[in-house]
Amino acid sequence: MIADEKALVLFSGGQDSATCLAWALEKFSAVETVGFDYGQRHRIELECRSELLARIVEINPTWKERLGADHTLDLSVLGQISETGLTRDAEIALREDGLPNTFVPGRNLLFFTLAAALAFRRKARHMIGGMCETDYSGYPDCRDDTLKALQVTLNLGMGSRSVIHTPLMWIDKAGTWALAQDLGGDLLLDLITEHSHTCYLGERTVRHEWGYGCGTCPACELRARGYESFREGTRS
Ligand code: ZN
């Protein structure tokens with residue numbers, strides 16, 4: 001544990017950020033959360049946030065002591081300037097450059113810049129995000145180098161010594177499920193399965209073994225495949 005230091009978790013209500021929240025609650029003596037409303041099609045994930053926050057502290061009394069304020073920031077301007085599969089009612093497809101059209105340019109850069117400004121005010125030295133470049137879709141702002149460079153830029157620009165942590169960077173989705181189990185056992189696994197949201201289309205009517213979703217969008221496929229290989233690993 002990093003004693004007596006506060007962390008701010010970028011918490012969207014998805015599987016990855018829910019796992020990162022548990023990771024932060026295990027490591028830091030005080031933890032706050034921030035979510036962004038940018039006009040995402042899967043805005044339902046914002047509703048999942050409060051459910052997850054209310055329930056995750058029931059898993060571990062220490063986590064309950066450590067979890068502090070939740071912040072949500074209106075970032076609708078990002079939705080207004082983006083023409084993407086996440087912010088418009090368009091079919092999810094590959095773009096000409098090979099990136100999926102679910103890539104929202106500038107998203108993580110803006111998220112961390114605003115989170116850093118908030119963290120500055122809340123005196124939180126650490127920021128945690130669920131970005132991963134292991135089995136990701138190729139989003140350039142999820143790369144380790146991007147976030148390391150951003151950390152340097154933010155510290156220079158704010159005169160601070162903040163640290164960006166990305167505990168999922170080098171593990172795949174099966175590893176993310178396994179990390180959740182390590183951190184909070186079956187209670188956390190069940191919580192994430194039932195209450196975290198991943199599906200790009202915002203679908204929450206069909207319940208699969210791995211949770212709710214359309215089952216066919218790239219986010220659902222990744223989550224389902226990861227869950228399957230995690231379960232295979234725990235069975236063998
Ligand atoms: Zn889906």
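Modeller: Let us begin with helix length. Helices (H or I, at least four residues) and strands (E, at least two) are DSSP runs, numbered from the N terminus. The expected span of a helix is 1.5 Å times one less than its number of residues. This is a predicted model, in which local features need pLDDT of at least 70 and side-chain atom pairs count only at pLDDT 80 or more, while totals for chains, interfaces and linings use all residues. Residues are numbered from 1 along each chain as its sequence is written, and side-chain values use heavy atoms, with hydrogens and water left out.

Biologist: How many residues has helix α1, and what distance does α1 reach from its first C-alpha to its last?

Modeller: Helix α1 (residues 15-27) has 13 residues and reaches 19 Å, close to the expected 18 Å. Helix α8 (residues 218-235) has 18 residues; its reach of 26 Å is close to the expected 26 Å.

Biologist: How is burial read, and which residues of α1 are buried?

Modeller: Buried means under 20% relative accessible area, exposed over 50%, and partly exposed in between (1.4 Å probe, protein chains only). Eleven of the 13 residues of α1 are buried, so α1 is largely enclosed by the rest of the structure. The buried residues are Gln 15, Asp 16, Ser 17, Ala 18, Thr 19, Cys 20, Leu 21, Ala 22, Trp 23, Ala 24 and Leu 25.

Biologist: Which residues are buried in α8, and what covers them?

Modeller: In α8 the buried residues are Ala 219, Cys 220, Leu 222, Arg 223, Ala 224, Gly 226, Tyr 227 and Phe 230. Their cover includes α1, α7 and β7 (211-212).

Biologist: How is the packing of two helices described, and at what angle do α1 and α7 cross?

Modeller: Axes are lines fitted to C-alpha atoms, for helices over the stretch in contact, and angles run from 0 to 180 degrees between N-to-C directions. Angles under 35 degrees count as roughly parallel, over 145 as roughly antiparallel, 65 to 115 as roughly perpendicular and the rest as oblique. The axes of α1 and helix α7 (residues 173-195) cross at roughly 70° and come within 10 Å. That makes α1 roughly perpendicular to α7. Contact means heavy atoms within 4.5 Å. Among the residues of α1 that meet α7 are Gln 15, Asp 16 and Trp 23, and their partners in α7 include Lys 173, Trp 177 and Ile 192. For classes, Ala, Val, Leu, Ile, Met, Phe, Trp, Tyr, Cys and Pro count as nonpolar, Asp, Glu, Lys and Arg as charged, and the others, Gly among them, as polar. The contact of α1 with α7 has nine nonpolar, three polar and three charged residues.

Biologist: Which handedness has the crossing of α1 and α2?

Modeller: A crossing is left-handed if the near helix is turned anticlockwise from the far one by less than a right angle, and right-handed if clockwise. The crossing of α1 and α2 is right-handed. Helix α2 (residues 44-56) packs on α1 at an angle of about 30°, with the axes 12 Å apart. Ala 18, Leu 21, Ala 22 and Leu 25 of α1 make the contact with Leu 52, Leu 53 and Ile 56 of α2. By class, these are seven nonpolar, no polar and no charged residues.

Biologist: At what angle do α5 and α6 pack?

Modeller: Helix α5 (residues 107-122) and helix α6 (residues 144-158) pack at about 40°, their axes 11 Å apart. That makes α5 oblique to α6. The crossing is right-handed. The contact includes Phe 112, Ala 116 and Phe 120 of α5, and Leu 147, Leu 150 and Leu 154 of α6. It has nine nonpolar, three polar and no charged residues.
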